[in-house]
Structures are given as structure tokens and as C-alpha cells.
Amino acid sequence: APAPTNWMDAPQTPGDWFYIPQTGASIAAFGPAERQPLFAMRCDQATRTVSIGRTSASLVPQPMTIRTESATRSFSASPAQGGVEHLVATALPAGDSFLDAIAFSKGRFAVEVSGEPILYLPAWPEVTRVIEDCR
């Protein structure tokens, strides 16, 4: 089948969201299983920041673009080590309005990282919960 011309029409990336509470933090992880995330959002309550990461084997910073229904933003995502995965990540202050654009995107948002397949993720309650944990 031909690729969709609009990212909102692309098939959702297979997987589910998992909410993982931790001491001083919380994580919303998306993937085929809780311990196999493709994407994660982590609230650090002490610094009131939300880290956004996509699994990647890259050892150098990569451009990461997130598309929502109402906004698109590009970041430089740096290599990081998650709980069980290697990823590239960036961090935003919890009050950044772009986090609201992700949470309230019309059912989905897209994550593009150079050298990795595009993720088309549902905007489920786990995303909002992690953001609100930091606010």
C-alpha cells in the first residue's frame, strides 16, 4: 500500500502504553511490552522536567521531531541510558505548553528520529499522567 500523505493517517505503531511509578519520578513507556519500550516520557519531580526519549543505538546526538495535531517541534536528542534501553532523549520544563500539545493531540502524535522508523503513538492517559505528575 502507498505511504499516507498525511502522518495522521499512518497506521499506529503496534504496542501499548505502560505507566510506571517510581520514587520521585514516573514513566509512561510505549512498546510491545513494559520492558521493551520504543518511546518513553519520564517525569523527574525534583527538577520538574519531563524527559522524552526514543530507543536508538546512536552514540551521537540526533535530531528528533515531534508532530502533534496543533504543533511541531524539533529537538537535539542526546544519547542516554534508560532503565532497560539505550535511547536518545531531550528534556522539557514541566510547564512547557508543547507537552500539552502532545497530550491533547487528536488521538496521536508522531516521533521522528534520524535513522529510526517513525513512531505513530496514541495520546493515551499515561502521557497526561506523567506530565501532570511533574506540575
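This is a predicted model: local features need pLDDT of at least 70, side-chain atom pairs count only at pLDDT 80 or more; totals for chains, interfaces and linings use all residues.

Residues are numbered from 1 along each chain as its sequence is written, and side-chain values use heavy atoms, with hydrogens and water left out.

**Ser58**
- Look for Ser58 in the loop between β4 (49–55) and β5 (62–67); strands are DSSP runs of E with at least two residues, helices are runs of H or I with at least four, and both are numbered from the N terminus.
- Ser58 has a relative accessible area of 14%, so it counts as buried (under 20%, with a 1.4 Å probe and protein chains only).
- Beyond its neighbours within four places in sequence, Ser58 is in contact (heavy atoms within 4.5 Å) with Pro79, His86 and Val88.

**Helix α2**
- The buried residues of α2 (residues 125–134) include Glu126, Val127, Val130, Ile131 and Cys134.
- Seen down the axis of α2, the buried residues fall within an arc of 135°, so they line one face of the helix; the arc is taken from the directions from the helix axis to the C-beta atoms.
- Among the elements covering these buried residues are β1 (16–22), β2 (25–31) and α1 (97–103).

**Ala94**
- Ala94 sits in the loop between β7 (86–93) and α1, and is buried with a relative accessible area of 2%.
- Setting aside neighbours within four places in sequence, the contacts of Ala94 include Ile131 and Cys134.

Methods
Buried means under 20% relative accessible area, exposed over 50%, partly exposed in between (1.4 Å probe, protein chains only).
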